[in-house]
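User: I am new to this structure and would like to learn how to read it. Please take me through a few features, one at a time.

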Amino acid sequence: MANKAQAQRERLEALLEETRLYPPTQEFRKQANWNDAFVYERARKDVESFWAERAESLAWIKRWDKVLDWKPPAAKWFVGGKLNVTYNCVDRHAASTRRDKAAIIWEGEPGDSRVLTFGALEREVNRCANALKSLGVKKGDRVAVYMGMTPELPVTLLACAKIGAPHSVVFGGFSAESLRERINDAQAKVLVTADGAWRRGNVVLLKANADEALRGAPSVEKVIVLRRVGDKAPCAMQRPRDLWWHDLVDKAQDQCAPEAMDSEDVLYILYTSGTTGKPKGVVHTSAGYLLGTSVTHRAIFDVKESDVYWCTADIGWVTGHSYIVYGPLANGCTSLMYEGSLDYPDRGRFWQIVAKYGVNILYTAPTAIRTFMRWGTDWPNQHDLSSLRVLGTVGEPINPEAWMWYHKNIGRERCPIVDTWWQTETGMILISPLPGLTATKPGSATKPFPGIEAEVLDERGRPVGPGGGGYLVLTRPWPAMFRTIYGDPERYERQYWSRFPGKYFTGDGAKVDADGYFWLLGRVDDVMNVSGHRISTFEVESALVDHDAVAEAAVIGKTHEVKGQGIAAFVTLKEGVTASDKLKHELREHVARKIGALARPDDVFFTLELPKTRSAKIMRRLLRDIAEGQVLGDTTTLADPGVVAKLKTQYEEEGLVD
Ligand code: PRX
């Protein structure tokens with residue numbers, strides 16, 4: 001961790017010089033949903049009442065008996081209560097004056113768009129729910145979902161939630177093998193997929209990948225296939241396993257009674273990377289999750305009834321689950337979803353969408369902002385962005401320069417920026433400004449949400465004073481927290497709750513400044529954050545050593561101007577294999593094929609040896625020093641210190657240090 005600590009110290013020093021402060025304007029504060037600072041105090045004093053009061057606005061089938069049952073690390077929220085998440089997100093709005101209000105605005109690749117009102121969404125969801133039932137899916141059965149960003153994706157999620165079948169969404173950019181691993185871990189009974197997805201005018205072959213995955217996934221009995229790209233992709237239907245969406249769902253009945261779900265019944269599983277090669281199935285349950293996502297959505301984005309809200313994430317990640325689907329829809333909000341990429345058909349695409357729909361709230365990732373910065377202000381300047389009122393960021397630390405660019409060029413210096421810190425595991429935003437209350441500082445996620453208690457600890461678990469860096473932990477349970485790792489409760493306890501007993505260890509470094517503001521400093525474990533995507537170094541290493549030419553591999557995250565981190569791989573080859581540029585290319589593609597394009601290494605560096613300790617452990621921190629062009633850290637524990645010095649020289653000679 002020494003090199004990470006050094007990189008974090010540097011970020012910290014730079015941030016300590018950050019003194020700019022942006023308080024909310026009087027005008028914004030006056031109209032904000034949450035504008036009474038007393039809310040923090042009240043939540044601190046009686047956190048259970050704080051959440052219980054807000055839970056009153058959900059529709060319950062049976063009211064809870066007890067707000068919280070906390071036996072660390074096991075939490076139960078709204079014990080004894082029953083509700084249905086989809087009823088709360090769709091049906092109750094469809095039965096109200098919101099019936100004809102847009103629930104989902106879908107903007108596809110150029111030329112394609114669709115609006116689903118709450119009334120229409122209710123019917124679609126019911127059809128899909130009935131279709132799943134007709135395939136034998138019952139409460140508790142897992143449904144795997146592998147689709148592109150089309151409206152049928154949220155429809156499928158909501159249909160699963162309606163009948164109480166936990167969904168497990170696998171991001172459409174993942175490979176067949178990644179899909180297979182996740183399906184098998186969850187033992188999914190049904191897979192919902194599409195023939196393909198559009199990406200920059202090209203087709204991503206989803207069904208072909210799904211077929212390959214299913215060759216080793218015997219739990220899946222039926223596959224529903226949405227036709228999205230038609231004759232643009234080969235799509236071999238395997239009868240009787242495979243059924244077309246338009247044959248099954250479109251013809252199903254459009255009424256479906258919601259399943260009464262216990263507060264603690266599983267809503268979904270979502271896989272994320274941890275510090276081993278095996279992805280973890282993060283388990284979220286019903287009532288607390290629904291409450292946590294909807295309350296934070298309303299408070300942090302200051303959502304109003306007539307707003308068009310756009311979160312640019314993919315529903316394959318937690319941001320899409322919580323802040324495209326569940327949070328916004330629970331609030332009866334119009335949620336825009338976008339199928340395409342940043343620059344197709346041109347680099348003004350985002351701003352054209354903002355202008356087309358009059359987007360009021362935009363929630364995106366720092367990596368996107370840094371890309372826009374590179375493209376220059378002409379692109380946003382060509383479009384009318386005056387509808388924007390609140391801007392959000394998520395997924396990785398935002399550097400003050402990118403924050404300022406966003407503030408000036410997109411927010412036109414009038415929109416508050418909410419930098420929201422959270423994780424797949426936390427389910428909901430935990431550290432963020434409240435736009436009507438918090439004076440923001442560029443680069444800081446500011447303060448824990450009311451009712452959330454966060455601390456920064458040193459190695460030994462002692463609180464670090466203002467200005468010092470340390471480990472970010474959460475000291476109290478919160479409603480949307482994950483409840484376990486699917487099939488591995490022991491890992492839940494060991495990985496998150498035993499480093500600092502009774503406290504949730506986030507895996508992030510942070511510091512708190514003299515004003516009590518939190519500054520996130522990046523991961524302190526072997527997880528990389530590449531363009532806001534979480535990837536474990538071990539996953540990439542396993543993919544590399546799976547290649548015939550590779551003897552050993554060590555992978556590290558390396559600072560990247562746009563992506564936050566890039567992936568650097570150090571590889572030793574098997575005897576008799578010759579290093580070449582062609583082989584480098586092949587290895588990069590091999591990883592992309594094994595895991596997905598998001599894990600493709602930026603650099604592959606061949607070496608005859610890797611630096612190891614006397615007990616044969618690869619010293620990744622020294623590889624980080626090399627990749628970042630830093631002075632080498634402590635090398636005294638190395639078996640052969642000469643190896644690392646030579647490696648550093650070679651690496652620099654190849655021009656791989658920025
Ligand atoms: O390191 C933190 C970073 O993203 C990690 C969580 O990744 P994931 O589970 O994929 O969820 C991403 C979207 C919620 C965290 O451990 N991270 C997320 N948001 C921020 C952040 N780092 C700094 N600032 C943020 N706002």
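User: Is E654 buried, partly exposed or exposed?

Analyst: Start with the general idea. Buried means under 20% relative accessible area, exposed means over 50%, and partly exposed is in between (1.4 Å probe, protein chains only). E654 has 43% relative accessibility, so E654 counts as partly exposed. Before we go on, know the source: this is a predicted model, where local features need pLDDT of at least 70, side-chain atom pairs count only at pLDDT 80 or more, and totals for chains, interfaces and linings use all residues. Residues are numbered from 1 along each chain as its sequence is written, and side-chain values use heavy atoms, with hydrogens and water left out.

User: Which residue does E654 meet in a salt bridge?

Analyst: A salt bridge is a side-chain nitrogen of Lys or Arg within 4 Å of a carboxyl oxygen of Asp or Glu. Here the partner of E654 is K584, at 3.2 Å from N to O. K584 sits in helix α19 (residues 581-594) and E654 in the segment after α21 (641-653), so the bridge ties together parts that are 70 residues apart in sequence. Helices (H or I, at least four residues) and strands (E, at least two) are DSSP runs, numbered from the N terminus. K584 counts as buried, because its relative accessibility is 17%.

User: How many salt bridges does the structure hold?

Analyst: It holds 57. One of them joins the side chains of R228 and D112, at 3.0 Å from N to O. This pair links distant parts of the chain, 116 residues apart. R228 is in the loop between β11 (222-226) and β12 (242-244), while D112 is in the loop between β4 (102-107) and β5 (113-117). With 17% relative accessibility, R228 is buried. D112, at 30%, is partly exposed.

User: Where do R114 and E124 lie?

Analyst: R114 is in strand β5, and E124 is in helix α6 (residues 118-134). Their side chains form a salt bridge of 3.7 Å, N to O. It ties together parts that are 10 residues apart in sequence. R114 is partly exposed at 29% relative accessibility, whereas E124 is buried at 15%.

User: Which residues do salt bridges with shared partners join into one network?

Analyst: The network is made of R114, E124, R127, E152 and D254.

User: Now the ligand. How many residues surround the ligand, and which are the closest?

Analyst: A residue is near a molecule if one of its heavy atoms lies within 4 Å of it. Here 17 residues surround the ligand, and the closest are D419, T420, T424, R523 and R534. Three elements each supply at least two residues of the shell: α12 (318-330), β20 (417-420) and β25 (518-523).

User: What is the make-up of that shell: how many nonpolar, polar and charged residues?

Analyst: Ala, Val, Leu, Ile, Met, Phe, Trp, Tyr, Cys and Pro count as nonpolar, Asp, Glu, Lys and Arg as charged, and the others, Gly among them, as polar. The shell has 6 nonpolar, 6 polar and 5 charged residues.

User: Which ligand atom lies 2.7 Å from a backbone N or O atom of T420?

Analyst: A nitrogen atom of the ligand does. The general idea is the polar contact: a pair of N or O atoms within 3.5 Å; within protein, one must be able to donate a hydrogen and the other to accept it, and residues adjacent in sequence count only if both atoms are side-chain atoms. A polar side-chain atom of D508 is 2.9 Å from an oxygen atom of the ligand. An N or O atom in the side chain of R523 is 2.8 Å from an oxygen atom of the ligand. Taken alone, the ligand exposes 540 Å², and the protein buries 95% of that. Accessible areas come from the Shrake-Rupley method with a 1.4 Å probe; for residues, only the protein chains shown count as cover.

User: Is D419 buried or exposed?

Analyst: D419 counts as buried, at 6% relative accessibility. D419 lies in strand β20. Its side chain has a polar contact of 3.5 Å with that of T393.

User: Which residues is T426 in contact with?

Analyst: Contact means heavy atoms within 4.5 Å. Leaving aside neighbours within four places in sequence, T426 is in contact with H284, W421, L474, W478, A480 and M481. T426 is in the loop between β20 and β21 (454-457). At 0% relative accessibility, T426 is buried.
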